[in-house]
Amino acid sequence: MLHIEGLTSGYSIPVLNDVSIKVEEGQFVAIVGPNGAGKTTLFKTISGIVRPSTGTIRFANQDLLSIRPAQRAHLGIAHVPEGRQVFPSLTVMENLEMGAMTEAGQRDWKHNIERIFEWLPILAERRGQFAGTLSGGQQQMLAIGRGLASSPKLLMLDEPSMGLAPTIADFIFERLIEIRRQSNLTILLVEQRVAEALESADHGYVLEAGRVALEGNNQTLRADDRIRKAYLGM
Ligand SMILES: Nc1ncnc2c1ncn2[C@@H]1O[C@H](COP(=O)(O)OP(=O)(O)OP(=O)(O)O)[C@@H](O)[C@H]1O
């Protein structure tokens with residue numbers, strides 16, 4: 001579904017160097033790595049906020065780099081950004097409606113909103129509340145709900161656990177696993193919480209200093225000595 005080959009991208013200097021990543025349909029893939037490794041830059045490059053200097057990105061058999069950033073959401077890519085970025089002065093429902101601006105989101109709205117409320121019931125309870133007054137965990141669920149409202153083929157999540165207490169973060173990971181189980185949605189997750197991310201996903205990449213340092217299925221990565229020492233504290 002998403003094939004990234006030889007990607008070099010960044011700002012005045014490159015942050016990502018020769019990065020290749022594959023996400024197949026229905027897969028849950030995690031990209032883990034330390035602060036500043038380039039995880040957010042990778043997502044911004046997929047969304048079109050940052051332009052790569054070399055490499056290719058194919059999504060659903062199309063050359064993504066030839067498609068304008070604003071059009072990429074319409075192809076079925078939902079980017080749930082770092083720091084949630086909900087619209088604070090809009091209600092929960094209005095935020096969800098903002099997510100449904102794609103053609104597919106409009107078409108599937110009734111079905112999607114039912115499922116979003118089923119998966120994330122707090123959003124149904126708080127539907128009339130201003131998003132800015134929600135807790136961090138609730139805002140993260142709203143950001144995920146807003147992504148789901150666009151009827152995505154690929155849901156990209158940038159550090160959904162950021163700034164959340166461990167129990168709340170665990171709840172978010174558990175919800176993602178359940179959403180994926182029920183919908184077979186393709187998920188690409190970027191995370192610093194390596195243990196939780198590798199438990200949730202079926203395949204993982206370790207990004208270090210802008211390069212893919214390791215790749216494998218979740219069991220292989222969780223058993224890898226370097227991962228255990230550097231990220232799992234074992
Ligand atoms: N707009 C920008 N202009 C210049 N450099 C940037 C910009 N955004 C990020 N960087 C730099 O790019 C590098 C990678 O940042 P990026 O945010 O992609 O990493 P990350 O792995 O997502 O880390 P974090 O978990 O801290 O968000 C860092 O050295 C950062 O300082």
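The model is predicted, and local features were taken only at pLDDT of at least 70, side-chain atom pairs only at pLDDT 80 or more, while totals for chains, interfaces and linings use all residues. Residues are numbered from 1 along each chain as its sequence is written. The protein averages a pLDDT of 94, where pLDDT is the predictor's confidence in each residue, from 0 to 100. A score of at least 70 is reached by 100% of the residues. For the complex, the predictor gives an ipTM of 0.93 and a pTM of 0.92.

Helices (H or I, at least four residues) and strands (E, at least two) are DSSP runs, numbered from the N terminus. Ala, Val, Leu, Ile, Met, Phe, Trp, Tyr, Cys and Pro count as nonpolar; Asp, Glu, Lys and Arg count as charged; the others, Gly among them, count as polar.

Most residues other than glycine have a negative phi. Asp18 is not a glycine, yet has a positive phi of about 50°. Asp18 sits in strand S2 (residues 14-23). It is partly exposed because 14 C-beta neighbours lie inside 10 Å. The cut-offs are 20 or more other C-beta atoms within 10 Å for buried, 12 or fewer for exposed, and anything in between for partly exposed, with C-beta atoms placed from the backbone. Glu159, also not a glycine, has a positive phi of about 45°. Its place is the loop between strand S7 (154-158) and helix H8 (166-183). Glu159 is buried, since 23 C-beta neighbours lie inside 10 Å.

Helix H3 (residues 92-99) packs on helix H7 (residues 136-148) at an angle of about 35°, with the axes 7 Å apart. Axes are lines fitted to C-alpha atoms, for helices over the stretch in contact, and angles run from 0 to 180 degrees between N-to-C directions. H3 supplies Val92, Asn95, Leu96, Met98 and Gly99 to the contact, and H7 supplies Leu142, Gly145, Arg146 and Gly147. Two residues are in contact if their C-beta atoms, placed from the backbone, lie within 7 Å. The contact residues comprise four nonpolar, four polar and one charged.

Leu64 lies in the loop between strand S5 (62-63) and helix H2 (69-72). With 22 other C-beta atoms within 10 Å, Leu64 is buried. Beyond four places in sequence, Leu64 touches Ile57, Arg58, Phe59 and Arg72. Ile4 is 60 residues from Leu64 in sequence, and their C-alpha atoms are 9.9 Å apart.

Gly128 occupies the loop between helix H6 (121-125) and H7. Gly128 is exposed, with 9 C-beta neighbours inside 10 Å. Residues up to four places away aside, Gly128 touches Thr91 and Met93.

Leu221 belongs to helix H10 (residues 218-223). Leu221 is buried, with 25 other C-beta atoms within 10 Å. Apart from neighbours within four places in sequence, Leu221 contacts Leu198, Gly204, Leu214, Gly216 and Ile227.
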